[in-house]
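Please keep the sequence and the structure in view while reading.

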Amino acid sequence: KILLAHGAHREGKRTDAVMEKWRGYGLGQFIHWGLYAIPGGEWNGKQYNGAAEWIRSWNGIPNATYDSLIYKFNPTAFDATAWAKSAKQMGARYVTFTTKHHDGFCMWPSKYSKYTVAASPYKKDIVKAVVDAYDKEGIDVILYFSVMDWSHPDWRYEIKTKEDSVAFERFKKFTRNQLIELLTNYPKAKGLWFDGTWDKSWVKQAAFADDLETEMRKLRPGLIIGSRFRADENGKRHFDSNGVLMGDYEQGWERKIPNKIEEVHGNDWDCVMTVPENQWGYNKAWNGHIKSANELLEMTAKCVSLGGNFVLNFGPQGDGAIRQEELNLATKIGDWMKLNQEAIYNCGYAGYEKQDWGYFTKKTGSDQVYMVVFNVPVSGALRLKMPAKTKISKAYMLADREEKILPEEINSNEYFLKLKKKDHQEPFVIVLETGKNAENKESIYEKAKT
Ligand SMILES: C[C@@H]1N[C@@H](C(=O)NCc2ccccc2)[C@H](O)[C@@H]1O
């Protein structure tokens, strides 16, 4: 092991109650909202073909012109309670909210910047409204914060000159001030979701970032900070020079999902996902593939089956209303979650191999196993391969506990589950009661000799 002053300070999962709760969330909501929602991916009738929240970086718009959007920010349709109620019915158990994105506009009245809601016609503290409304619905709040701040005169992508380094020292102080301000103003926030930390300038600040993380954790015991915040003294990010995860969970799953358990290295993790292929902020033209509710439910089940959380992004419009397509998805997902949440909340990796019909999840701290089924074969019978020594004592439909399913053993540890109904239009859950240490019933079929 390489001796590191600013690598990981802890190895393996956190075991405290706050993190145990985080681990069991299953489904979360991301909200990207800021000045970028006003142009919505378009400027002077021309479409910006990047992600809508990056439109300030487009050379199609002078920075000063973009920044003057502050004078147009007056979201009359903004209703944090309506957002929180929609998230509640969807079944989200935490929300990650953009306090400041790469453009540098602050959704709270920061005293360290003029470029905030306080200087807009709207004036009011949006972060406070969101934190209070979601907290009232029992949904935990994580604050998203972009270190990269294109609007700040002292921000640098990299430090090339003495002047750059003097400026960036000021920027580091500014960043620390804003983070301490957020933790002080919004003590209900359970964590910080850092972004914009890949710049060469920030990657060189191992000691500063390490000290800042320590200071934030001391100010807010139990605070949850992911692996994207800081680099170690060799510039290694997410995993330090010894390959150990920095922070409390892996934050690398952005618009992608692991396929097998080995890819998560025994760490906690969350996957953050857009509804279109790559739009986080509101984009008028939702081009390309828009994910359906069933696709998003499958992503949720896949993440939970591999021990992670699935965080679905919403991009409210410039007026503060959430677009109808997103509200419809939240409703459809919520309808399914109301029936099947038992297989998602406080569940994790079951330890079984992946199978064609869908995903296994297991209730944390129990032997209760769930099959979240997305693919029923034409035969209408699900082939189930269990590890040796696993006996199925009971199988039934979660949505109708009276509908028992008799597992037909076809081979040692292989079963067919014949379903009453074949044409399922929605994913569904089968509950498996397994006796882990059941005697390993000798198979009645001898193995083929090859
Ligand atoms: C959560 C998303 N992260 C922001 C972003 O800049 N992603 C682009 C990116 C993704 C992964 C590594 C570097 C850069 C996007 O704008 C969203 O805020």
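## A hairpin of two strands

Strands β12 and β13 form a hairpin with five residues between them, and Gly 365 in the turn has a positive phi of about 80°. Helices (H or I, at least four residues) and strands (E, at least two) are DSSP runs, numbered from the N terminus. β12 covers residues 358-363 and runs antiparallel to β13, to which five bridges join it; two strands pair if DSSP finds at least two bridges between them. Lys 362 has Val 369 in β13 as its bridge partner.

Strand β13 comprises residues 369-373, and five of its five residues are buried. Here buried means under 20% relative accessible area, exposed over 50%, and partly exposed in between (1.4 Å probe, protein chains only). In a regular strand the side chains alternate between the two faces of the sheet. In β13 both faces are covered, with Val 369, Met 371 and Val 373 buried on one side and Tyr 370 and Val 372 on the other.

## Basis of the model

This is a predicted model, in which local features need pLDDT of at least 70 and side-chain atom pairs count only at pLDDT 80 or more, while totals for chains, interfaces and linings use all residues. Residues are numbered from 1 along each chain as its sequence is written, and side-chain values use heavy atoms, with hydrogens and water left out.

## The protein as a whole

The secondary structure comes to nine helices and 19 strands. The C-alpha trace spans about 80 × 55 × 40 Å along its principal axes. For 450 residues, a compact globule would have a radius of gyration near 22 Å, and the 24 Å of the protein agrees with this. That radius is taken over C-alpha atoms, and the globule rule is 2.2 Å times the number of residues to the power 0.38.

Of the 450 residues, 56% are buried. Among contacts (heavy atoms within 4.5 Å) between residues at least 6 apart in sequence, 71% join residues at least 24 apart.

The protein has 64 positive and 59 negative charges, whose mean positions are 2 Å apart. Lys and Arg count as positive and Asp and Glu as negative, without His and the chain ends; each charge is placed at NZ of Lys, CZ of Arg, CG of Asp or CD of Glu.

Ser 86 is found in helix α3, residues 80-90. With a relative accessible area of 10%, Ser 86 is buried. Beyond its neighbours within four places in sequence, Ser 86 is in contact with Leu 327 and Ala 330.

Ser 241 is found in the loop between β7 (224-225) and β8. Ser 241 touches Ile 2, Leu 4, Asp 232, Asn 234 and Lys 236, leaving out residues up to four places away in sequence. Although Ser 241 and Leu 4 are 237 residues apart in sequence, they are 7.8 Å apart in space, C-alpha to C-alpha.

## Positive phi outside glycine

His 265 has a positive phi, near 50°, in a residue other than glycine. It lies in the loop between β8 (250-254) and β9 (269-273) and counts as exposed at 51% relative accessibility.

Asn 346 is not a glycine, yet its phi is positive at about 50°. Asn 346 lies in the loop between α9 (324-340) and β11 (347-348). Its relative accessibility of 34% makes Asn 346 partly exposed.
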